[in-house]
Amino acid sequence: MPSFPPPASVTICEINRHLITADAFSDDIAKDTYAKLTGLIFRPVEFQADDLRTRNGHNCDDQLGRNGEKGFSALVASFKRIFHPNDVHLLPKVNLQGVSWHQHKYIMAFISGSNQVTIRDYEDSEGKDPSILQGDFQQEVKLVEWRPNSGRTLSVACKGGICIWAASYPGNPASVRPGAASFVGAISKGSGMRWTLVDFLKGHDGEHISSLSWSPDGRYLATGSYESSAFTIWDVSQGIGTPIRRGLGGISMLKWSPSGDYFFSAKFDGTFYLWETVTWTSQPWSSTSGFVTGATWDPESRMILLAFSGSSTLGSVHFASKPPSLVAHLLPVDLPEIANLTGSQSIEKIAWDGSGERLAVSFKEGDESYQGLIAIYDVRRTPLIAATLFGFIRGPGENPKPLTFSFHDKFKQGPLLSVCWSTGLCCTYPLLFRSHVIP
């Protein structure tokens, strides 16, 4: 049977398929479990979770149940936006990238408020507070993602466009893109590194950017909005965006493949598209299980794993040959424990680590004892995906629910899973299982 975290406990880490729990987080617990192997202690980071719970859909059902259509109107008003009528209630169901790890460093960025982002550098000197990024251009934040191969550069999707932040060093300030307005933005509080808003890429007609993805080389940034059926490919160094349109529905998700040869786009109407990036030719697909709520590529870009709004079964799209071929097959990935153990009928969010060996899954509703837990699977690709559940992660505080989570893919001892919980803590869980690391 998969390991189940006792009530009132918190999960600390994984050691060889065993998820270790304790009464509370502490440095002593970290030193006794994973720190001797990692060399770092990943202390939880506090944030204000109230706004994020509403943005990510938690408490929405309660509000609708209490107030009916009036409650729905209040919920719409809380977003302070006029949404497309078909998409307003769907956006919180999409797995928005609310937490992101730097590709090569132990630096985590996550959405910590409606208009702010927190950056925590775990390699920084002891005692320094996290950096808080805020600015006039950064309103109603939806996603964050580090730019690959570009030092410490972070993109933030928000109302009206994308903020690009870069770290500034003593005597070497971050440079603003030539031709861009001379934005000057630094951290508003905290004693960490200074950050400068070096660019703001304006969306079309002030649309709210709700999906983004960097090309693996860091040159291009793809962005989309639930308000538009087109997505944009930005040449960031030039500040030039090229719109690409397929279909009619609003964009729900964009994902560049790790190799850069393929690109994935999904819409709220249940359609999704596979693209090859040489000629930008696409192949349309449609789903009978609702729209895509989560998508993640395998390390070799041979397949993409999908979650759907109306199913507890995942789908994997396998390419039949090398790029630029778009010939592919959609195969089911059964996770029977989601329904059999938890009683849930629908997956909420997924994350797949860069080694392809660990899969994190959150689910909606179900049995009370399992609500708010994250299921952790051991994954094998031979070549089809086989996932084995071995335990659950429980968050801190009373009735914690995962708002967003993501893996650090390059941690040499094993994946790091970071979860922002509804109780106001962003926690990181080392998943240590490799034989050359653990005796």
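Does Asn399 count as buried or exposed, and at what relative accessibility? Asn399 counts as exposed because its relative accessibility is 57%; exposed means over 50% relative accessible area, buried under 20%, and partly exposed in between, with a 1.4 Å probe and protein chains only.

This is a predicted model, in which local features need pLDDT of at least 70 and side-chain atom pairs count only at pLDDT 80 or more, while totals for chains, interfaces and linings use all residues. Residues are numbered from 1 along each chain as its sequence is written, and side-chain values use heavy atoms, with hydrogens and water left out.

The protein chain has five helices and 30 strands, taken as DSSP runs (helices H or I, at least four residues; strands E, at least two) numbered from the N terminus. Of its 439 residues, 58% are buried.

Asp378 sits in strand S26 (residues 374-381) and counts as buried because its relative accessibility is 8%. Its side chain makes a polar contact of 2.5 Å with that of Arg358. A polar contact is a pair of N or O atoms within 3.5 Å; within protein, one must be able to donate a hydrogen and the other to accept it, and residues adjacent in sequence count only if both atoms are side-chain atoms.

| Cis peptide bond | Omega |
|---|---|
| Pro323 and Pro324 | about 10° |
| Thr382 and Pro383 | about -10° |

Pro324 lies in the loop between strand S22 (314-319) and strand S23 (328-333). Pro383 is in the loop between S26 and strand S27 (385-393).
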